[in-house]
Amino acid sequence: MAILPMKRIHIYALLKDQRSILSKLQQLGSVHIENLSEDEFFVKKSTIDDLVKTEREMAMVDEAIEVLDSYDPEKTSLFDSLKGRQELTLAEYEVLAKKQREFKETAERIINLNRHIAESIAEMQRIQVQIDALAPWSKLDVPLQFQGTRFSTAFIGTLPGEYSLEQLLTEMSNLIPDVETIHAEIINKSKDQTCIFILCHKTDASAVDTALRTIGFARPPVSSSSLSPAEQSAELENRLKALEKEVEESKAEIAGYSNDRNSLKFLYDWLALEYERLKTEAYLVESRRVLIISGFVPEREVNRVVKELKDNFIVHLEVEDPGPEEQVPVLLENNKFAEPMEGVLASFSYPGKGEIDPSAIMSFFYYILFGLMLSDAAYGLIMSVGCGICLWRFPKMENSMRKTLRMFFFCGLSTVFWGALFGSWFGDAVTVISTTFFNKPFSIKPIWFEPMKDPMRMLVFSMVVGIIHLFAGLAANIIQNVKAKKYLDAFYDAVLWYLLVGSLLVFALSSQRFVEILKLDFIIPASVGKAASIVAAAAAVGIVLTAGRESRNWFKRIAKGLYGLYNLSGYLSDILSYSRLLALGLATGVIATVINQMGAMGGRTIGGAILFIIVFLVGHSVNIGINLLGAYVHTNRLSFVEFFGKFYEGGGSEFTPLGVHTKYYKLKEETYHG
């Protein structure tokens, strides 16, 4: 309904009270603090180090919560997101705040345990690789690093491919016929490699080494262990079991912190509040003993803020009206019907300076357009009943979620209204069911008409709705200019366009050909059409003379005026844009009808009834999902482009007070007025 009036507030306080004052302002949640500039007397305090530290601690706590959830998942239901944050009284909050160091230690312990688990798992994988590498050597009764005795040399390694002992000895005999004494063993073999042990006299070591290299001999990775492979494997297995036990114990210890989950959540919120305070501190300026805070406060909150500050601190306060050119943050206040539009409006932009809050007028058309696009009474009933139950059952849900559900509740009511007018209840489900399964054709007749049987009538109606919507935008333009006492601007930018577009429509409706194309059952008298054409011509001349009125040069003024008149084509395209009401409405009905016909293909049998139920539930669920998304997107498009294009630019900044902006907990309303 309105943009709440703001007051500028300046707070002069003792520097020693800075943290306490910011905490009080945070509890009040009513002061939008501005970033002040330094001068020769007042400077800013750097909070970068503290911000980085706090952000790091928040990340640590968030990670600890995620780790705890991974080892001991929190039991949640589908509707938990609708329950809202848990409430705390200010006294409960202060008690928990005193334990924040203890909660940090818990978070650090969980992180360290998780890090130990990760390191242990990595070590286990490394050990397993070692065990796998030792497996082929399990029959070797000497260490892999064994190189021989005083008079002998040992060669322990692998050959590519598969060798038998006979093949190995034959190969060596051919390569080194002069070496008579060689002891060889096949420790393990596969089609890829053969593990061998060869022992020879030291005097023959060089020749044997050369021969082995010729056939691709490679030593195993160097091992410093003096144990045999089997003994090494046993030792590694013991280490692996010990690590597995440590991992399980660490996991159990982490899961044991499940009762501390809420404490960690509180710690995260406490750090979030600390982080917001530190960011705000960077906006303030201070001298050796004095602190200055400047910002905006809603006019209705001024007395409460002033009283709280004066009752608790030594402060000097100055409250004044913002300057005429000053950019003031925007805080909207609307009734329950229009309030849901605030979120949609925020996704576009908040009202700029001198603009009105369009939420109220936007909401009326938004619900109508949405309902026309979805246009199935049963779908709308499902939406409204579902959203209504959620709003009733979960009174403490977050305000943003409440606004969204309320928006779809009203959109559902609109859909029921238009669906009943057009006779669509799950498409033609009533007719199909009564005919297929009861052999008694019955249908719910449309209160007005059926768009699929009379699409031209629906197209004309869609364009009429579009014209009304566009004219409402021009009316908002007039209200906006009159409020700013720009009466001539209201006449030039809105009234002249009313006359031009309205007169052209009247003139068109006096044309027999135009009426026949639209299949209208009435025609405006030619004399009225002629009078309308004269008014349209006069309005066009007025637009040419005034659209470029900011230019002093008459040539530029007329050129800009002609360009402004060219915007008439924009009005035509805008009106045609509303044909999407027909397109999306028909899409919903046609798809629903096809789904019903597909389901009825099984005939009047038990199997046919089962098939119909399955197709009906799946098909209509998909249809309502797709077309609900389409209705939402295109309703936003018509609001943002066609409607806002007539009066609204946006560009305002949101009112963002220093407040209790938390993730998991919130202070009870009796102690917090954010």
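A network of salt bridges links Arg-8, Glu-34 and Glu-326 in this predicted model, a salt bridge being a side-chain nitrogen of Lys or Arg within 4 Å of a carboxyl oxygen of Asp or Glu. In total, the structure holds 25 salt bridges. The model is a predicted one, in which local features need pLDDT of at least 70 and side-chain atom pairs count only at pLDDT 80 or more, while totals for chains, interfaces and linings use all residues. Residues are numbered from 1 along each chain as its sequence is written, and side-chain values use heavy atoms, with hydrogens and water left out.

Glu-274 and Arg-19 are joined through their side chains by a salt bridge of 2.7 Å, N to O. Because Glu-274 belongs to helix α9 (residues 261–281) and Arg-19 to helix α1 (residues 18–28), this pair ties together parts that are 255 residues apart in sequence; helices (H or I, at least four residues) and strands (E, at least two) are DSSP runs, numbered from the N terminus. Glu-274 is buried, at 12% relative accessibility, whereas Arg-19 is partly exposed at 41% (buried means under 20% relative accessible area, exposed over 50%, and partly exposed in between, with a 1.4 Å probe and protein chains only).

A salt bridge also connects Lys-265 with Glu-74, their closest N and O atoms being 3.0 Å apart. Since Lys-265 lies in helix α9 and Glu-74 in the loop between α2 (48–71) and α3 (80–83), the parts tied together are 191 residues apart in sequence. Lys-265 is buried, with a relative accessible area of 13%, while Glu-74, at 35%, is partly exposed.
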